Amino acid sequence: MKIYIDADGCPVVKSTVKIAGEFQISCVIICDTSHRIELDGAETIVVSQGADSVDFRLVNMISAGDMVITQDYGLASMCLGKRAVVLHQDGKQYTEENITGLLEFRAIGKKIRRSGGRTKGMPKRTQEQNIAFENVLRKLLAELAEKQKDNN
């Protein structure tokens, strides 16, 4: 298992790499040339700028059982299709049960913006969100490690 981070605009890159290290899990940061992030304990892959270039590279790299950190619902959906565990930067796990509603919500917002309307932006990130993410990530990694141990 590896953890892949959609790093463009991701506020939890450092904490993800740190926690991956605690569990001795390989971590891959994928970013474009305008968001280059290099951290000890992680491999960084830089792709050219372009709509969804990071997303497509990430999807082509993952395997079933890998974990992906992203805030992008479309990318989350593609990763779920490849049987990856997908986590939002706020600690919410994307699942087959919730992804359709999230994609519909995104489509409605896009339609509103295309017609000249405005949607509410993201509120400023809080320390509570960081803590929630870290707690969920640790819990999921512990559960996955336990499952892997049981299967061996």
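**Salt bridges and a nonpolar core**

Me: Is lysine 18 buried or exposed?
Reply: Lysine 18 is exposed, at 53% relative accessible area. Exposed means over 50%, buried under 20% and partly exposed in between, using a 1.4 Å probe and protein chains only.

Me: What am I looking at here, by the way?
Reply: A predicted model, where local features need pLDDT of at least 70 and side-chain atom pairs count only at pLDDT 80 or more, while totals for chains, interfaces and linings use all residues. Residues are numbered from 1 along each chain as its sequence is written, and side-chain values use heavy atoms, leaving out hydrogens and water.

Me: Which side chain does lysine 18 meet in a salt bridge?
Reply: Glutamate 22, at 4.0 Å from N to O. A salt bridge here is a side-chain nitrogen of Lys or Arg within 4 Å of a carboxyl oxygen of Asp or Glu.

Me: And how exposed is glutamate 22?
Reply: Glutamate 22 is partly exposed, at 42% relative accessibility.

Me: How many salt bridges does the whole structure have?
Reply: Five. One of them joins arginine 125 and aspartate 90, with the closest N and O atoms 2.6 Å apart.

Me: Switching topic, which residues touch the most other members of the largest nonpolar core?
Reply: Ile3, Ile5, Val13, Met67, Ile69, Leu137 and Leu141, out of 21 residues. Such a core is a set of buried Ala, Val, Leu, Ile, Met, Phe, Trp, Tyr and Cys residues joined through side-chain atoms within 4.5 Å.
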